[in-house]
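The following exercises are to be worked with the sequence and the model in view. Each task is followed by a solution in steps.

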Number of protein chains: 2
Amino acid sequence: MKAEIITIGDEILIGQIIDTNSAWIAEQFNLNGIEICRITTVRDKHDHIVEALKNAEQKMDLVILTGGLGPTKDDITKNTLCEYFNTKLVFHEATFEHIKNRFSKRNIDLNKLNRDQALVPESCTVLPNKTGTAPGMWFEKNNVIFVSLPGVPFEMKYLVEHEVIPRLQQNGKKIAIFHKTVLTQGIPESMLAEKIEDWETALPENIKLAYLPNPMSVRLRLSATGSSEIILQQQVETEIEKLQQIIPESIYGFDNETMAEVIGKLLKVSGKTLAVAESCTGGYISHLITSVPGSSAYYKGSVSAYSNQVKQNILGVNESSLIKYGAVSEVVAKEMALGVKKTLDTDFAVATTGIAGPEGGTEEKPVGTIWIAVAGKQKVFAKKFVFGNNRERNIIRSSQTAMQILRRVILKDL
Amino acid sequence: MKAEIITIGDEILIGQIIDTNSAWIAEQFNLNGIEICRITTVRDKHDHIVEALKNAEQKMDLVILTGGLGPTKDDITKNTLCEYFNTKLVFHEATFEHIKNRFSKRNIDLNKLNRDQALVPESCTVLPNKTGTAPGMWFEKNNVIFVSLPGVPFEMKYLVEHEVIPRLQQNGKKIAIFHKTVLTQGIPESMLAEKIEDWETALPENIKLAYLPNPMSVRLRLSATGSSEIILQQQVETEIEKLQQIIPESIYGFDNETMAEVIGKLLKVSGKTLAVAESCTGGYISHLITSVPGSSAYYKGSVSAYSNQVKQNILGVNESSLIKYGAVSEVVAKEMALGVKKTLDTDFAVATTGIAGPEGGTEEKPVGTIWIAVAGKQKVFAKKFVFGNNRERNIIRSSQTAMQILRRVILKDL
């Protein structure tokens with residue numbers, strides 16, 4: 001099945017935003033055996049949209065449109081779709097009820113723009129959007145499927161996952177394909193490639209390996225194709241078992257799990273609790289931990305101690321340690337972890353202190369120098385890392401590394 | 001002058017990489033008065049490239065191709081270009097000398113693939129690439145300019161800045177264009193549209209307005225076209241002044257500023273300090289504030305108080321308030337803000353407490369109920385919001401809303 005993604009939006013064409021939607025859709029569709037042949041971005045204008053639809057209809061089996069929907073944008077896209085599919089806008093009761101409910105929950109009155117969002121082309125199948133007001137719309141014309149989705153990423157993702165892909169599967173447009181992604185942390189990509197070279201070379205021909213590095217981790221995606229999904233799954237699991245023997249410490253999870261979810265599960269199962277003390281990471285570890293639903297069961301809280309005064313007064317870091325070793329030091333990292341563990345009365349605690357940059361480095365402690373400490377039942381561990389000059393990346397890498405060390409301490413119950 | 005960007009590369013179509021090149025080119029061209037009408041990504045295949053070239057030639061004055069050049073990729077793209085422009089590959093002496101020099105500096109022997117990079121289509125103008133081995137190529141056909149560039153971002157950027165834009169300017173293909181984006185927070189898109197309808201209708205014909213909503217804010221982009229950039233800028237500034245009188249409270253910044261940067265600037269100028277107490281936002285406000293370089297000058301730290309125990313012990317929230325009103329209440333939000341302000345000894349403090357979801361709601365306090373409090377010099381303010389069911393969005397919206405209220409309190413020095 002050949003597919004095209006058409007993105008409608010001037011903001012992409014003036015370079016104000018990067019089109020991340022298309023990359024996400026392309027990945028999801030590929031995982032489901034649908035080949036994306038072309039991605040096109042066009043302006044919010046009638047003629048431009050029509051031309052893109054015509055070009056797509058000639059070559060594709062499936063066309064995904066994103067963007068151009070929403071209270072202030074609806075007009076052009078919806079009217080253009082009506083014209084193209086030779087239909088007219090009609091009032092869609094269920095969509096209107098849904099919009100009304102969303103607004104009444106927030107105690108906001110509906111205006112005309114909101115009401116107009118319940119107008120949909122008569123010939124389309126409405127895809128209910130639980131995450132927003134603009135519904136998805138599914139059209140079929142000359143054996144080509146056209147799906148129009150809002151451009152807001154989480155609304156678009158919801159509709160692809162819950163409406164579009166299930167419907168395509170029902171249509172039988174799927175071949176047997178099985179993917180599993182192994183999440184690793186702590187080994188740079190090139191070193192990892194060397195370590196697992198023999199394993200990679202010995203992979204069966206129908207299993208392909210892709211390296212997907214990001215600032216959080218290096219992900220290894222295994223994609224197996226064949227005729228039976230159950231057999232493919234067994235095949236992939238067998239290869240992952242072999243991989244686990246080569247890099248046992250580095251694999252922290254699979255597929256879309258986050259490190260914070262993995263840690264959450266470990267704490268929940270063991271009935272243990274966690275606290276966090278952050279200097280250079282400034283609240284990011286706490287944010288990642290609390291992004292997991294239900295985290296209040298094991299997470300008591302954190303102290304972001306940006307000033308030394310807070311490190312002393314709330315975390316109980318010794319003034320003498322700050323003077324003698326500086327805030328970015330093994331001693332202070334350990335005192336922060338022990339301090340927050342004691343103050344918040346938890347089983348485990350993790351602490352970070354470092355120079356995130358871009359300013360503030362010295363010859364001895366350059367930008368990117370980070371101390372991470374983890375306090376467990378009886379022991380406290382600390383390790384120094386030297387990352388790069390990019391503030392955002394340093395915060396992300398420090399947070400992810402701190403959680404990886406925490407994970408090992410929890411696993412071994414140290 | 002109407003332009004299209006064509007990106008050649010399978011890695012984008014499987015979602016492995018995000019196409020950041022196109023966004024950069026689009027921004028640069030827009031700044032230089034060249035309108036990008038379409039961005040297309042196609043596979044590394046002869047037929048797909050030819051089709052994209054044909055589609056572009058029909059509608060555009062300028063076509064920028066990126067990708068598909070480089071030692072292991074040259075064959076398809078260069079041969080396809082030769083066929084399309086009815087020419088043949090010839091050996092280009094200057095390019096060969098340049099490649100030889102680059103390799104000899106690095107003490108690497110040339111192989112056949114490297115030598116073949118000096119083969120270029122006879123009819124093109126070669127654009128020397130000082131940053132790599134694959135040169136740019138400039139073609140003209142039926143009054144349309146085609147420029148083929150390597151896909152490596154810094155090589156592409158070098159060629160656009162040093163070769164492509166200067167040549168286009170010589171060709172006199174430049175018009176003046178000026179963009180400015182107004183950042184608003186606190187009014188939903190549909191309500192904003194209603195409020196500013198008259199202003200929008202009265203905009204001069206050469207100024208276009210675009211709504212760019214995201215979970216953080218609704219951005220309004222004004223794009224003016226004409227013959228003098230200085231006049232356009234004045235024109236846009238005049239319209240923004242009028243807008244500021246209509247929604248004075250809601251505009252927090254311009255262009256690429258973040259709310260945390262705006263708050264940072266206000267605090268820095270006034271020499272004031274900030275502390276944060278977070279329950280439902282779990283560290284996200286602290287993360288946003290500390291993402292700004294130099295934030296340690298005004299930011300002392302935060303307490304993420306996920307458990308009531310932490311709210312009491314560290315923030316000094318009264319047990320009786322927690323029992324009588326519950327953790328998600330006006331009284332507790334205010335006590336949290338006042339508590340963290342006192343404990344961390346700052347001029348301002350902001351606090352959040354709410355039910356981020358997806359679980360934990362009650363009839364009285366459904367998921368999405370959030371109390372935000374801001375403590376200033378003398379007063380403490382609190383306001384209730386009811387957002388939706390999505391945990392991630394609730395965290396983002398609560399954080400952004402809290403910072404917006406904080407901004408107003410700092411501005412008015414309350």
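**Exercise 1.** In this predicted model, compare the reach of helix α11 of chain B with the expected value.

*Solution.* Locate the helix at residues 259–270 of chain B, which gives 12 residues. Just beyond the helix, B:G271 adopts a positive phi of about 65°.

**Exercise 2.** Identify the buried residues of α11(B) and the elements they pack against.

*Solution.* Apply the cut-off for burial: 20 or more other C-beta atoms within 10 Å of the residue's own. The residues of α11(B) that qualify are B:M259, B:A260, B:V262, B:I263, B:G264 and B:L267. Next, trace their contacts within chain B: they pack against the strands β12 (251–254) and β13 (274–278), and against the helices α12 (284–290) and α16 (391–412).

**Exercise 3.** Describe the interface between chains A and B, and the strand pairing across the two chains.

*Solution.* Begin with the contacts: 67 residues of chain B touch 68 residues of chain A. On the chain B side, these residues divide into 30 nonpolar, 25 polar and 12 charged. Then examine the strands: β2 (residues 35–42) of chain A pairs with β2 (residues 35–42) of chain B, antiparallel, over 5 bridges. Within this pairing, A:T41 has B:I39 as its bridge partner.

**Exercise 4.** State what share of chain A is buried.

*Solution.* Chain A comprises 414 residues, of which 46% count as buried. Its secondary structure consists of 16 helices and 17 strands.

Definitions and conventions
Residues numbered from 1 in each chain as written. Chains lettered and ligands numbered in written order. Predicted model: local features only at pLDDT ≥ 70, side-chain atom pairs only at ≥ 80, totals over all residues. Helix = DSSP H or I, 4+ residues; strand = E, 2+ residues; numbered from the N terminus. Buried ≥ 20, exposed ≤ 12 C-beta atoms within 10 Å, placed from the backbone. Expected span 1.5 Å × (residues − 1). Contact = placed C-beta atoms within 7 Å. Nonpolar A, V, L, I, M, F, W, Y, C, P; charged D, E, K, R; others polar. Pairing = 2+ DSSP bridges.
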